[in-house]
Amino acid sequence: MTAPAGPILEVRGAVKAFDGLLAVAGASFDVERGSITALIGPNGAGKTTMFDLLSGFGRPDAGTIRLAGRDIAGMAPYRIANLGLVRTFQLTRVLAGMSVMDNMLLAARNQPGEHLAALILSPGRSRAAEAAARESAIGLLATFGLAAKAGDYAGALSGGQRKLLEIARALMTGPSIVLLDEPMAGVNPTLGRDILDHIAALRSARGTTFLFVEHDMDVVMTRADKVIVMAQGRVIATGTPAGIRADPAVVEAYLGTPHAVAP
Amino acid sequence: MSVDFWINVGVLAGIYGIFTLGLQLNAGFIGLLNFGQAGFMAIGAYAVGLLVVDFGWSLWLALLAGILLAVIGGLFVGISSLRLRSDHFAIATIAFAEIVRYVLQNAEFSGGNQGVLGYDEEWRTLSDWALAKLALIGLGDYTQLPLFIAVWLAFLVLLAVLIVLQGTPWGRVLRGIREDEDATAALGKNVFAYKLQSLAIAAALAAVAGFFVALNVTFLYPSVFDPTFTFFGYAMLVLGGFASYGGVVLGGILFWTLLEGTRLFDTALSAGQQASLRFIIVGFFLLLLSRLRPQGLLGNRAEMRVRP
């Protein structure tokens, strides 16, 4: 698309209001290519709204959002996804009435069989793409401990498994950046650690960027390279986990007083 | 009388089957509540009638034109109304169908309530030829048998095509949209385009059904295409089961057997009363089914239960 250097995501002055209430009030930040970046902030800080703006599920009232140098503000979600930015949802959204495998196969990119003309003109290409997609789906499901569930309905999975499926499904699209909205919520800690390990491995192997919203500060401090802190719709701090921890503005946003600092 | 009677019932069941395949594609597989199917059917049927009678087209060419016009109608409804919420979309489609019907009823070009007559000469030639062949095997007396064969041949071919399509990645995207259109959009699928395709194909199927309706009734008048047609289609869907094309066949056969078979009983009721009783029986059956087998005859219970 554009220059491989520079941040993969650049947000400048993003504003989004709902009935006069500013959910995002002029937020600006960068997400570095190949980083694992955490987006944190107290409840109501505008994190999920920001995710909606980034992924096309909301149109910013003002400001620009650039993905790999290209303005994506207000673009349809499917187009943003096809440009390589894929998200998961805070409340998991698996396709309940479809099998786990079909959930994965649906996410595969470049499947000519999804288009009627190509399907009729070159069914062979569709089948080849399907076989390749199935193979990578099997690999991803194994990584996420869902291999044995491939034939089950996604709606029959436990809450934690659904979360895993949603992340695996997002990765199935071969994204350049993945937005995870509270990926650890409802997942047992051992499994959660596995997910995080896998995310770190993927970043190393493919250079995939991850931006995630998380409330577990242990996870944020140990796993993120960089932290973006939002409060009341604005970005109040960005930096390394260590730097953020020492930032009085962050402490105040969370605790309301400059005294009590978590050890 | 009985064989002729059941051949006629079979023709109706087949026509409704083709019609309902489109509803299944919409409501069952992508989750679009299309209540305007009778409108697309009317466009297809009237296009055939008018192009043959007023413009001297060949019946077969007119069939193609009718399909094309119905597809254009489907695209028009889709582009104008698909951004509505699903229940609002349903209302928009029924409004569209009623607009079509009222225009046909009141416009000069469509002959108003007088209808359109005299478009089926080419079909009768073909039908007579088929009857001559059928006479060789002793079936020459059943005048509606050629239409029955043509309707069911078309129905089964279209059924097979749709079943194959549903098994492809294309069909998978439809199901994804039915399950959760936001999640499917977030995976890079153009939900609007798929809904539009689904609607256009359903409209084409309605036009084919309309073609056979035209051949069956031999003259076209607007009240053939009132919304009841669409609701009968949905009754067949509920009986046969959503998201199953086989269910359309089974639901259609069951619905028409129930509805028409009950004509044959001798009762002390007046003709009008008995006609109403038939619908009560069908309604009762639908209630019973929704209690005992909510997924319909061929619907998938497990799939239904895993949904939130």
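Which residue of β2(A) does V15(A) stand opposite? V15(A) faces A25(A) there, and that pair is a handy way into the four-stranded sheet of chain A described below.

## About the model

This is a predicted model, in which local features need pLDDT of at least 70, side-chain atom pairs count only at pLDDT 80 or more, and totals for chains, interfaces and linings use all residues. Residues are numbered from 1 along each chain as its sequence is written, while chains are lettered from A and ligands numbered from 1 in the order in which they are written.

## The four-stranded sheet of chain A

The order here is β2-β1-β4-β5 (chain A), in an open sheet with antiparallel pairing (strands pair if DSSP finds at least two bridges between them; strands are DSSP runs of E with at least two residues, helices are runs of H or I with at least four, and both are numbered from the N terminus). At the edges stand β2 and β5 (70–71) of chain A; each has a single partner strand, so one side of each is left without a neighbour in the sheet. Helix α1(A) packs on this sheet and touches β1, β2 and β4 (62–67) of chain A (contact means C-beta atoms, placed from the backbone, within 7 Å). The direction of α1(A) makes about 65° with that of β2(A) (axes are lines fitted to C-alpha atoms, for helices over the stretch in contact, and angles run from 0 to 180 degrees between N-to-C directions).

Now strand by strand. β1 (residues 9–18) and β2 (residues 21–31) of chain A are antiparallel and share eight bridges, with E10(A) opposite D30(A). Two residues sit between the strands of that hairpin, and D19(A) takes a positive phi near 50°. On to β4(A): five bridges tie it to β1(A), again antiparallel, and V11(A) stands opposite I65(A). β4(A) and β5(A) pair in the antiparallel sense over two bridges, with R66(A) opposite D71(A). They form a hairpin with two residues between them, where A68(A) in the turn has a positive phi of about 50°.

## The six-stranded sheet of chain A

Chain A also has an open sheet of six strands, ordered β6-β7-β8-β3-β9-β10, and here the pairing is mixed. β6 (85–87) and β10 (234–239) of chain A are the edge strands, each with a single partner strand, so one side of each lacks a neighbour in the sheet. From one strand to the next the twist averages 20°.

At the β10(A) end, β9 (residues 226–231) of chain A runs antiparallel to β10(A), joined by five bridges, and M230(A) stands opposite V235(A). Helix α1 (residues 47–55) of chain A turns up here as well, lying across β3 (36–40), β6, β7 (177–181), β8 (209–213) and β9 of chain A and running at about 150° to β7(A).

## Chain B and its helix pairs

Chain B comes to 13 helices and two strands. The C-alpha atoms of chain B fill a box of roughly 60 × 50 × 40 Å along the principal axes.

Helices α7 (residues 169–179) and α9 (residues 191–217) of chain B have axes that come within 10 Å and cross at roughly 110°. That makes α7(B) roughly perpendicular to α9(B) (angles under 35 degrees count as roughly parallel, over 145 as roughly antiparallel, 65 to 115 as roughly perpendicular and the rest as oblique). V173(B), L174(B) and I177(B) of α7(B) meet V191(B), Y194(B) and S198(B) of α9(B).

The axes of α10 (residues 228–240) and α11 (residues 245–261) of chain B come within 7 Å and cross at roughly 110°, so these two are roughly perpendicular as well. Among the residues in contact are A235(B) and M236(B) of α10(B) and G247(B) and V248(B) of α11(B).

## Where the chains meet

The contact takes 25 residues from chain B and 30 residues from chain A. On the chain B side, α7, α8 (181–186), α9 and α13 (301–305) give two or more residues, and α7(B) has the largest share, at seven.

Key:
Two residues are in contact if their C-beta atoms, placed from the backbone, lie within 7 Å.
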